[in-house]
Amino acid sequence: MENKKTLHPMYWIPTTWFAMGLPFVAVSGASSIMYKNMGVSDTQIAFWTSLIMIPWTLKPLWGPFLELYKTRKFFVYITQIFTGILFGLVGLTLQLGHFFSFSIAILTIIALSGATHDTAADGVYLNELSAKQQAKYVGWQGAFYNVAKVFSGGALVYFAGQLEREVGIHNAWMIVMFVYGAIMLLLGFYNMRVLPSTESTVKSSTFKEGMATLKDVIITFFQKKHIWFSLAFIVFYRFAEGQAIKIIPLFFKSSRAEGGLELSTSQIGLLYGVFGAIAFVLGSIVAGNFIAKSGLNRKSLLILCTAFNIPFAAYAFLAVTQPENLYIIGSAVVIEYFGYGFGFVGLILFIMQNIAPGKYKMAHYAFGSGLVNLGFMIPSMISGWLSDMMGYREFFIWVMIATIPAFIVTWLVPLKKPEELEEA
C-alpha cells in the first residue's frame, strides 16, 4: 500500500518532522518537568533523561538494516504508531510505586523507536527530493520540528500544570502521556496515506549483506575528506546548548531561595507555548530564507553559530537578576528560541551538504545527525551535577564560556565549494 502519487512536500514534511520532534522533546524536555514535580532530584533527572537519548546517537548502526525489509516510508509510519502505544504505557506506569524506573525504561524504548523513525524519515527526504528542494524545504523541516518542541514543552506542559491542580500530579501527567500517544497514532495513520515512496517493496538483500553494507558505510564515512574537522564541528556546535537546555526548565521551576524563578508548571508551559512557539517558528523560517539566498559559506555559518549560541546570555541575565515579571522572563525565552530556530538550520544543512553526499546518503546523514545528538547528550548528562555544584547563576555564566568551542570549530571547519555540491 505504498503511495505512488507525487504529492507536494508540504503534505508530509510538516507532519513527519512534527512526529520527529514530539518524542525527542518528550524524552529530553517535558519528562524533566514531570519528574521535577514528582520530587526527583536535578542530578537524577539530567543524567537519566540524557542517557536514554543514546539511541539517537547510535541510530546509524541499524540504519542499513532498514533496507532489508519494506520501505523507508513503512518504517516512518509504523514507528509513529508504535511510539503512540508506548506513550500510553508510560502514562500507566506513573500510577506505580516505582514509577521512575518503569517510565524511564519505556521512554528508552520510545527513544529507540524515535531514532529509527528519524533515520527512515531522513531517508525519505533525501531520496524523494532533489538537492534544490532539500535546501528549499530545510527551513520548514526545522520549523515543524520546533513547533513540536514548543507544543510539547509549552502547550502540553501548560495543560499538565492546569490538570495538576484538579487531579494531582501523577494523574495529570498520565493524561498528558495519553495525549502524546493519541497524537502520535493520528500522525502515523495520516502519514501512512500521504508519504511518498518510489522504492520497491521487494528486497533482495540478506542479513549478511546488511552487515557488509554497515561495514562499508562506516569505512566510507571516516574516509570522507576533512571528516574529523566536520565531526568536531557537529559535536561542539551544541556543546553549550546541551548543558543549558536540560537545566532551563528546572531553573524556572526551582524556588527563589535555590536561585530559581519559582514559576508554576502552567507558567512554564505558557512561556514555551506562546513566547517560545512564535519565536521558534519565525527563527526557522527566517533562517530558511537567509540560507536560500546566501548559501552555506563561512560568513553565513558564523552568523548562524552566533544566533544559536549568544542568546544563552539571556538565561545568565535571568539567573543573576531573578526577575518576577513574566514579560521580562518571556522576552529572554523569545531571544533564545528565535536564535535557536535560526541557528539550528545551519547544522542541518551542513550535514546535508558536507557529510551526507555520496553512495550512502541516508546512512551518512544518520551518522551526522547521531553525532549531533552526542554533542547534546554528553554535556546534558553532566549538566545537573554542574548546576547542583555551582548554583544556577554561576552555571549559566559557565554556559556562556562553553559557547567558545562552537565559534572555534565554525571558523576552522572546511566547507564544500558550490561546484563540489553540484557534483555530489
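Analyst: Let's begin with a term: buried means under 20% relative accessible area, exposed means over 50%, and partly exposed is in between, using a 1.4 Å probe and protein chains only. This is a predicted model, where local features need pLDDT of at least 70, side-chain atom pairs count only at pLDDT 80 or more, and totals for chains, interfaces and linings use all residues. Residues are numbered from 1 along each chain as its sequence is written, and side-chain values use heavy atoms, with hydrogens and water left out.

User: Is Asn-191 buried or exposed?

Analyst: Asn-191 sits in helix α7 (residues 169–194); helices are DSSP runs of H or I with at least four residues, strands are runs of E with at least two, and both are numbered from the N terminus. Its relative accessibility is 0%, so Asn-191 counts as buried.

User: With which side chain does the side chain of Asn-191 make a polar contact?

Analyst: A polar contact is a pair of N or O atoms within 3.5 Å; within protein, one must be able to donate a hydrogen and the other to accept it, and residues adjacent in sequence count only if both atoms are side-chain atoms. Contact in general means heavy atoms within 4.5 Å, and beyond its neighbours within four places in sequence, Asn-191 has contacts that include Trp-12, Lys-73 and Tyr-77. The polar contact, at 2.7 Å, joins the side chain of Asn-191 to that of Thr-15.

User: Which backbone oxygen does the side chain of Thr-15 reach?

Analyst: Thr-15 belongs to helix α1 and is buried, because its relative accessible area is 16%. Not counting residues up to four places away in sequence, Thr-15 touches Leu-187, Tyr-190 and Asn-191. At 3.2 Å, its side chain reaches the backbone oxygen of Trp-12.

User: What is the relative accessibility of His-117?

Analyst: His-117 lies in helix α5 (residues 99–128), and its side chain makes a polar contact of 3.0 Å with the side chain of Asp-118. Leaving out residues up to four places away in sequence, His-117 touches several others, among them Thr-16, Met-20 and Gln-80. His-117 counts as buried because its relative accessibility is 3%.

User: What arc do the buried residues of helix α9 cover around the axis?

Analyst: In helix α9 (residues 227–236), the buried residues are Ile-227, Ser-230, Leu-231, Phe-233 and Ile-234. They are on the same side of α9, because they cover an arc of only 160° around the axis. That arc is taken from the directions from the helix axis to the C-beta atoms. An α-helix has 3.6 residues a turn, so residues three or four places apart point the same way. The arc asked for is 160°.

User: Which element gives the most to the lining of the largest cavity?

Analyst: On a 1 Å grid over the protein atoms alone, a cavity is a set of points where a 1.4 Å probe fits but cannot get out, and lining residues have an atom within 4 Å of a point. Grid points are joined across faces, edges and corners, and a volume is the space filled by probe spheres set on the points. The largest cavity has a volume of about 360 Å³, and of the 24 residues that line it, those closest to its centre include Met-20 and Tyr-145. With seven residues, the element giving the most to this lining is α14.

Methods: 1 Å grid on protein atoms, 1.4 Å probe; cavity = no way out; pocket = protein on both sides within 12 Å on 5 of 7 lines; lining within 4 Å.
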